[in-house]
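The sequence and structure come first.

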Amino acid sequence: MTFAPARGRGATARRARCHRIRAVPFTLRNLKEDLEDVGSRFDGAPDLEFRLATDALELEKSGLSYQRVPPGYRFPYGHAHETQEEVYVVVRGSGRMKVDDEIVELKEWDAVRVPPGTWRGYEAGPEGLEILVIGAPSLGDARREDVDGRRDWWSDE
């Protein structure tokens with residue numbers, strides 16, 4: 001098969017576009033090494049690990065955090081979002097999650113979707129609990145305006 005040489009400005013531009021490799025913008029961060037651990041801000045266990053990835057990854061339409069809850073520890077706050085839906089993915093360990101008034105058992109690779117307006121909290125099992133939390137839509141700078149949180153929302157009483 002032979003090709004005729006490109007003629008005119010349009011043909012040259014078309015050929016250039018066909019052979020050009022387009023750069024794809026992306027952001028790469030290591031959740032454990034590149035992000036500050038803000039777990040100590042939650043007035044809980046000293047080894048609670050909480051890393052916020054939304055800003056570090058430059059997320060525009062969603063949110064992401066990594067959390068490591070020590071064995072047998074209950075996260076000290078329950079919370080609900082007005083507009084944000086969240087998915088909790090257990091990447092290691094086990095535990096329980098309270099979703100409004102229902103308590104569900106969690107094991108590795110379980111994923112729990114929690115819709116807006118629903119209260120949630122979680123606790124680690126005997127080997128601890130590591131989770132990724134994915135939220136959408138992005139709350140941008142209005143994160144605190146969308147969330148209602150209560151300390152000791154989940155009590156055993």
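## Strand 4 and its partners

In the hairpin formed by strand 4 and strand 5, which has two residues between the strands, aspartate 100 takes a positive phi near 50 degrees. Strands here are DSSP runs of E of at least two residues, helices are runs of H or I of at least four residues, and both are numbered from the N terminus. The model is a predicted one, in which local features need pLDDT of at least 70 and side-chain atom pairs count only at pLDDT 80 or more, while totals for chains, interfaces and linings use all residues. Residues are numbered from 1 along each chain as its sequence is written, and side-chain values use heavy atoms, with hydrogens and water left out.

Two strands are said to pair if DSSP finds at least two bridges between them. Strand 4 pairs with strand 5 (residues 102–106) in the antiparallel sense over five bridges, and within this pairing valine 99 stands opposite glutamate 102. With strand 7, strand 4 pairs in the antiparallel sense over 13 bridges, and here arginine 92 stands opposite glutamate 130. Strand 6 also runs antiparallel to strand 4, to which it is joined by four bridges; glutamate 86 has valine 114 of strand 6 as its bridge partner.

## Aromatic pairs

A pair of aromatic rings is described by the distance of the centres and the angle of the planes. Rings of Phe, Tyr and Trp (its six-membered ring) pair if their centres lie within 6.5 Å, and planes under 30 degrees apart count as stacked, over 60 as edge-to-face and the rest as tilted. By this rule the count comes to four aromatic pairs. In one of them, the rings of tyrosine 88 and tyrosine 122 have centres 5.7 Å apart and planes at 55 degrees, so the pair is tilted. This pair links distant parts of the chain, since tyrosine 88 lies in strand 4 (residues 85–99) and tyrosine 122 in strand 7 (residues 120–136), 34 residues apart. Both tyrosine 88 and tyrosine 122 are buried, where buried means under 20% relative accessible area, exposed over 50% and partly exposed in between (1.4 Å probe, protein chains only).

The rings of tryptophan 119 and tryptophan 153 have centres 5.8 Å apart and planes at 25 degrees, so this pair is stacked. Tryptophan 119 lies in the loop between strand 6 (111–114) and strand 7, and tryptophan 153 in the segment after strand 8 (147–151), so the pair ties together parts that are 34 residues apart in sequence. Tryptophan 119 counts as buried at 12% relative accessibility, as does tryptophan 153 at 16%. Phe50, Phe75, Tyr88 and Tyr122 form one aromatic cluster.

A charge sits over a ring if NZ of Lys or CZ of Arg is within 6 Å of the ring centre and within 35 degrees of the ring normal. The charged end of lysine 98 sits over the ring of tryptophan 153, 4.8 Å from its centre, and that of arginine 74 over the ring of tryptophan 154, 4.2 Å from its centre.

Arginine 120, in strand 7, is buried with a relative accessible area of 0%. Its side chain reaches the backbone oxygen of threonine 118 at 2.8 Å. Leaving aside neighbours within four places in sequence, the residues in contact with arginine 120 (heavy atoms within 4.5 Å) include Tyr88, Lys98, Val114 and Trp153.

Technical notes
A polar contact is a pair of N or O atoms within 3.5 Å; within protein, one must be able to donate a hydrogen and the other to accept it, and residues adjacent in sequence count only if both atoms are side-chain atoms.
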